[in-house]
Amino acid sequence: MPLRERINDAQQEPINDSFGLELGKPGLAGNLIDDIGFCDVQRGLVVNDTILRSDLRTQPGAKPSGYGRQTYESPLFCTNLASNKWGGLLYLCAFVPQGGSVTWSQEVVPAEHQDIHTLLRDSERLPRHVAMIMDGNGRWAQDRGRVRIDGHREGMESVRSAVKTCSQLGIRYLTLYAFSIENWKRPVPEVRFLMSLLESYLEREVDELHANGVRIRTIGKTNALPKSVQRMLQTAMDRTRENTGLTLTLALSYGSRWDIARAVQVMAMDVRRGKLSPEDLTEETITQYLQTSYMPDPDLIVRTSGEMRLSNFLMWEAAYAEIYVTEQLWPDFRSRDLYRALSEYVVRERRFGKTSAQVAESSGESPRTTLERILHALR
Ligand code: FPP
């Protein structure tokens, strides 16, 4: 029987809660709005802002483990988990009546990226903190005979993809250089457009980011941003404050020298007040006074568009960061490209001043073995 028919058939059957789901009333199902396909689902489906369930990753025939029951009060949906297994993956489809909405939670990864995704996620070598210099939006647009702002608009899609991929992989921190303190020198219409893009990002994305456990933070001279943007940022930060997934930091009106100078001023004031003594001004203290004090130093800095510079981004924090530069322009930089950057990162040897032999002694799997597995997965 064709798959779609099988699913429709399944819809007529009493709802099967053998996966531990407390599903909506049988027979309530509305339109099949999305034929989602074969996915390795670990966190479940989000229907009307509710994450249906986590840990759906199953072995054929096995019941998912660590799987709690949930009750759904919304009468708006009925979800059917068709138990068709296909290569160990679970086939999911969602039936949502008109007006309902479905988004995927963070762990649904397209089938073509499964191998590399799983390898990277399980490699135990992933960076804790990835920071990105998103460069080349203007050139991307110009190459296509379009206006610069089209490049920024397209760049938003790459932002979405980077956030989702990092979150899916379990990376703890992602910092995006969205607007530098020097960017205020750009033509006023471009600056205005970037601000409106930021507003629409917050307007459209915060629900989904929140549903996926993303915590939003900012660094930079944010009081220079338009008041409306400041308000939206504050709301987004307040709303996502308690989230424990990816910490997404937007560097806005940010400059590393600005932050260092600001930190030095505050430290000097604290010395004057007697809160600090000059001997306290150690590397650790300086780190604590920077706006980035809540995050670990970046392990990996990705820069698109081939430029070999830091451009006043996280200069103190990047002391031991691995740098990955790609010729690709930011709007072209999507999850596959991030997987490549991460694959390169996981096989680099980070010595932090030690010798190779010392590093090998203290680390587990050798970079070569990791490389072999990743190359195999990319093949
Ligand atoms: C650099 O490209 C990019 C920027 C100054 C802006 C980056 C902004 C976005 C990707 C969208 C907004 C982001 C968020 C997080 C809401 P460029 O214009 O300098 O490109 P060019 O070097 O080719 O001129």
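Student: Why are α5 and α6 called roughly parallel to each other?

Tutor: The axes of α5 (188–211) and α6 (residues 227–240) come within 10 Å and cross at roughly 15°. Axes are lines fitted to C-alpha atoms, for helices over the stretch in contact, and angles run from 0 to 180 degrees between N-to-C directions. Angles under 35 degrees count as roughly parallel, and α5 and α6 are therefore roughly parallel to each other. This is a predicted model, in which local features need pLDDT of at least 70 and side-chain atom pairs count only at pLDDT 80 or more, while totals for chains, interfaces and linings use all residues. Residues are numbered from 1 along each chain as its sequence is written.

Student: What makes residues of α5 and α6 meet?

Tutor: Two residues are in contact if their C-beta atoms, placed from the backbone, lie within 7 Å. On the α5 side the residues include M195, L198 and L202, and on the α6 side V229, M232 and L233 are among them. By class, this contact has nine nonpolar, three polar and two charged residues.

Student: Which residues come nearest to the ligand?

Tutor: Of the 20 residues around the ligand, these are N137, G138, R139, G155 and Y201. A residue counts as near if its C-beta atom, placed from the backbone, lies within 6 Å of the molecule. The elements that give two or more residues to this shell are α3, α4, β9 and α5.

Student: What is the average pLDDT of the protein?

Tutor: pLDDT, the predictor's confidence in each residue from 0 to 100, averages 75, and 66% of the residues score at least 70. Over residues 1–107 the pLDDT is below 50. Where pLDDT is low, the predicted coordinates should not be read in detail.

Conventions. Helices (H or I, at least four residues) and strands (E, at least two) are DSSP runs, numbered from the N terminus. Angles under 35 degrees count as roughly parallel, over 145 as roughly antiparallel, 65 to 115 as roughly perpendicular and the rest as oblique. Ala, Val, Leu, Ile, Met, Phe, Trp, Tyr, Cys and Pro count as nonpolar, Asp, Glu, Lys and Arg as charged, and the others, Gly among them, as polar.
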